[in-house]
Amino acid sequence: MTAQLINGKEISQQRLEKVAQETAARRAAGLRTPCLAVVLVGDDPASAVYVRNKKLACEKVGFKSLSYELSAETSQEDLLQLVDDLNANPDVDGILVQLPLPKQIDSQAVLERILPHKDVDGFHPYNVGRLVVKMPLMRPCTPKGVMTLLEAYGINPEGKKAVVVGASNIVGRPQMLELLLVRATVTICHSKTQNLAAEVAAADIVVAGVGIPNFV
């Protein structure tokens, strides 16, 4: 079998250009410019990179971007109040609280505080539940990105054996649901899976979301 390189950067650029055109059309029609609010708590270097990239993406597509950079000592009460304020702001269309959060903050409580229709990460239980019952609304970004790449390269998962390595709420579990939506036969592997190598070897499609280089 000849290997095919999936160029994520190329597909990303195409998607950014498409969204930029749609944003320009909205403005031309007299509609409000979409606005994304991004909240960063603490100084985790990887999180800072993610947030910076999100700001750059907003600039490229013509979105308004609001940035809130809070200290690592921020209390849960203060963060929840900021989320409430953004929920109540009619000019804010999406809210993204960058994970991980400092240990004094309950991440799940924060994610559940975001209004489901402003939950651009797709982590609110309401949005996860809609994905479970095959009625997706706001979808977790990384799994949806994987499906976008497969579609862009004409790879149809229907009927194929797909193996997802990693069972996190952010990647593994929603990735399993995304693949089920398109009628793949899905196996999800985790730290207790026996003979992982055999599971991966038998797969037509492998999605690894474990954060460990060269794990597969």
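P100 lies in the loop that runs between strand 3 (94-97) and helix 4 (107-113). The peptide bond that joins L99 to P100 is cis, with omega at about 0 degrees. This detail, like everything described here, comes from a predicted model.

Three strands, written as 3 strands in the order 5-4-6, make up an open sheet, and their pairing is parallel. At its edges are strand 5 (185-189) and strand 6 (205-208), each of which pairs on one side only. From one strand to the next, the twist averages 15 degrees. Strand 4 (residues 161-165) pairs with strand 5 in the parallel sense, and 5 bridges connect the two.

G209 is found in the segment after strand 6. With a relative accessible area of 26%, G209 is partly exposed. Its contacts, leaving aside neighbours within four places in sequence, are V165, G166 and V171. G209 and A167 are 42 residues apart along the chain, yet their C-alpha atoms are separated by 7.9 Å.

Helix 6 (residues 141-152) comes next. This helix has 12 residues and reaches 16 Å from its first C-alpha to its last, close to the 16 Å expected at 1.5 Å a residue. Within helix 6, the residues P143, M147, T148 and L150 are buried. Viewed down the axis of helix 6, these buried residues fall within an arc of 165 degrees, so they line one face of the helix. They pack against helix 1 (8-28) and helix 7. Not counting residues up to four places away in sequence, T148 touches I11 and R15. Just after helix 6, the chain reaches G154, which takes a positive phi of about 65 degrees.

How do helix 6 and helix 7 pack, and at what angle? Two packed helices are described by the angle between their axes and by the distance between those axes. For helix 6 and helix 7, the angle is about 35 degrees and the axes are 8 Å apart. The crossing in which helix 6 passes helix 7 is right-handed. On the helix 6 side, the residues that meet helix 7 are T142, P143, K144, V146 and M147. On the helix 7 side, their counterparts are P174, Q175, E178 and L179.

E178 is found in helix 7, and at 2% relative accessibility it counts as buried. Leaving aside neighbours within four places in sequence, E178 is in contact with L131, R139, P143, K144 and M147. Of these contacts, P143 and M147 are also among the buried residues of helix 6.

R183 is found in the loop between helix 7 and strand 5. Although R183 is not a glycine, it has a positive phi of about 70 degrees. R183 counts as exposed, at 64% relative accessibility. N195 is found in the loop between strand 5 and helix 8 (196-201). Phi of N195 is near 55 degrees, again a positive value in a residue other than glycine. At 54% relative accessibility, N195 counts as exposed, the cut-off for that word being over 50%.

How values were computed. Residues numbered from 1 in each chain as written. Predicted model: local features only at pLDDT ≥ 70, side-chain atom pairs only at ≥ 80, totals over all residues. Heavy atoms only, no water. Pairing = 2+ DSSP bridges. Helix = DSSP H or I, 4+ residues; strand = E, 2+ residues; numbered from the N terminus. Axes fitted to C-alpha atoms, helices over the stretch in contact; angles between N-to-C directions. Expected span 1.5 Å × (residues − 1). Buried < 20%, exposed > 50% of the residue type's maximum accessible area, 1.4 Å probe, protein only. Arc of directions from axis to C-beta. Contact = heavy atoms within 4.5 Å. Left-handed = near helix turned anticlockwise from the far one by under 90°.
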